[in-house]
Amino acid sequence: MAGRAVGAGLFDVVSLGFEATFLKSGAGFRPMVEQALSQAGITLNGSEDWDIQVHKDRFYSEVLLKQSLGLGETYMKGDWSVRRLDLFIERLLRSELSHRKPMPNVLFREFLSRVTNLQSRHRASIVCRQHYDLDLELFKHMLDERMVYTCAYWKNADTLEQAQVNKLELICNKLGLQPGMKLLDIGCGFGSLMKYAAETRGVSCVGYSLSEMQTAHGRTLCSGLPVEFVLDDYRNIKGTFDRVVSVGMLEAVGFKNLGTFMSVVRSALSSDGYALIHTVGHNHSTFIADPWVDRYIFPNGHLPSVSQLGESIEHRFVLEDVHNFGPDYALTLMEWNNRFQRSWPDLKSRYSEEFKRMWEFYLLSFAAGFRARRWQLLQLILTPIGRVQPECRFS
């Protein structure tokens with residue numbers, strides 16, 4: 001893989017890329033940052049919505065020495081601010097700064113990802129403990145009433161609630177769900193898709209998840225429906241199903257395990273079944289997550305590229321359809337942030353101001369990444385080799 005693609009996550013591409021000799025000198029930190037940001041049309045302490053206001057001088061050295069990690073951490077500490085964080089990050093991503101080479105710490109982590117399995121069985125639950133098992137109240141305030149924590153589909157929708165129903169309906173249509181079918185949901189979250197499918201299509205569902213909090217709440221939401229939650233790793237899935245779906249879970253699988261994941265999907269499918277895989281996809285192949293995202297939001301995450309996905313389905317499936325609606329994720333993230341900000345008076349007794357800045361940095365930076373087209377949202381329809389092509393293209 002080309003060197004410049006190594007570790008190129010959302011914030012790795014925000015690298016300022018200065019040589020170590022300049023960093024060691026300790027001179028000229030502010031001019032170096034100022035000159036680099038000017039390439040993206042950003043002015044230090046300027047008047048535009050995307051111009052950052054620097055409050056503490058340590059911002060300059062932290063960004064130079066730690067790149068994306070320093071950028072995120074100094075924002076969390078309140079060392080700088082900006083009226084429109086999403087516009088600031090989007091400008092960075094669209095500029096030539098996105099082509100700077102990664103620093104040695106990023107290269108070292110990429111080396112570790114190649115010699116170890118960061119998403120092995122005993123490490124797989126780390127992301128749940130750090131992210132998905134957060135306080136239920138946070139997600140209740142941020143998400144729609146159905147508790148859907150994945151990209152909404154905004155075609156013909158004016159509200160998050162309608163956009164999420166659109167997405168659930170889109171998936172059910174693509175899967176051709178019929179009464180009496182058995183659906184497997186890998187990484188089922190709060191069970192919103194299973195609940196919707198059971199209520200509107202008359203199917204029975206089994207969902208696998210490693211999040212204790214989401215599983216517990218999902219069982220409450222789906223009470224009385226033919227919906228079963230299994231708190232276990234996807235590699236331990238048992239049984240045969242008419243359809244398999246996975247929405248927003250593949251990002252936690254890791255590049256070393258993509259083939260294993262697809263083999264599990266294939267083994268779980270009946271001979272005439274098929275699967276829908278919904279995932280964020282990177283424009284090129286990477287092997288690790290961005291350092292800030294890895295430390296604070298999604299530890300051990302990885303966004304697969306189209307080529308990595310293609311290799312994982314080779315000899316296992318026919319790729320019937322790919323649907324990209326990545327720009328819809330920018331809209332979804334912006335609405336999640338709007339709801340989070342409006343709910344902060346109700347949440348601030350449970351969280352610190354540093355957590356608030358961390359969470360908004362996560363939501364708004366991710367929105368900027370989708371708006372800049374660095375990431376895509378992909379829905380893949382996969383059928384066993386030899387199966388008759390189903391009607392699966394809906395929009």
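Asn45 is partly exposed, at a relative accessible area of 35%; on this scale, buried means under 20% relative accessible area, exposed means over 50%, and partly exposed lies in between (1.4 Å probe, protein chains only). Its backbone stands out too: phi of Asn45 is near 60 degrees, a positive value in a residue other than glycine. Asn45 sits in the loop between H2 and strand E1 (53-54). Helices here are DSSP runs of H or I with at least four residues, strands are E runs of at least two, and both are numbered from the N terminus. This is a predicted model, where local features need pLDDT of at least 70 and side-chain atom pairs count only at pLDDT 80 or more, while totals for chains, interfaces and linings use all residues. Residues are numbered from 1 along each chain as its sequence is written, and side-chain values use heavy atoms, with hydrogens and water left out.

Gln67 also has a positive phi, about 55 degrees, although it is not a glycine. This residue is found in the loop between H3 and helix H4 (68-76). With a relative accessible area of 5%, Gln67 is buried.

As for the protein overall, it has 16 helices and nine strands. Of its 395 residues, 60% count as buried. Contacts (heavy atoms within 4.5 Å) can be sorted by sequence separation: among those with a separation of 6 or more, residues 24 or more positions apart account for 73%.

The axes of H2 (residues 29-38) and H3 (residues 58-66) come within 9 Å and cross at roughly 65 degrees. These axes are lines fitted to C-alpha atoms, for helices over the stretch in contact, and the angles run from 0 to 180 degrees between N-to-C directions. H2 and H3 are therefore roughly perpendicular to each other; the classes are roughly parallel under 35 degrees, roughly antiparallel over 145, roughly perpendicular from 65 to 115, and oblique for the rest. The crossing of H2 and H3 is left-handed, a label given when the near helix is turned anticlockwise from the far one by less than a right angle, with clockwise counting as right-handed. On the H2 side the contact is made by Phe29, Arg30, Met32 and Val33, and on the H3 side by Phe59, Tyr60, Ser61 and Leu64. These residues split into six nonpolar, one polar and one charged, where Ala, Val, Leu, Ile, Met, Phe, Trp, Tyr, Cys and Pro count as nonpolar, Asp, Glu, Lys and Arg as charged, and the others, Gly among them, as polar.

H5 brings Leu85, Asp86, Leu87, Ile89, Glu90, Leu93 and Arg94 to the contact, and they meet Glu360, Phe361, Leu364, Ser365, Ala368, Gly369 and Arg371 of H16. By residue type, this contact divides into seven nonpolar, two polar and five charged.

Next come the charged pairs. Side chains of opposite charge can pair when their charged atoms come close. With a salt bridge taken as a side-chain nitrogen of Lys or Arg within 4 Å of a carboxyl oxygen of Asp or Glu, the count comes to 19. One of them joins the side chains of Asp86 and Arg371 (3.1 Å, N to O). Asp86 lies in helix H5 (residues 85-94) and Arg371 in helix H16 (residues 353-371), so this pair ties together parts that are 285 residues apart in sequence. Asp86 is buried at 2% relative accessibility, while Arg371 is partly exposed at 25%.

Glu169 and Arg201 form another salt bridge (2.8 Å, N to O). Here Glu169 belongs to helix H9 (residues 160-175) and Arg201 to helix H10 (residues 192-201), so parts 32 residues apart in sequence are tied together. Glu169 counts as partly exposed at 25% relative accessibility, and Arg201 as buried at 14%.

Lys195 forms a salt bridge with Glu199, the closest N and O atoms being 2.8 Å apart. Both lie in helix H10, four residues apart, about one turn of the helix. Lys195 is partly exposed at 23% relative accessibility, and Glu199 is partly exposed at 43%. Finally, salt bridges that share partners join Arg84, Asp86, Glu90, Arg94 and Arg371 into one network.
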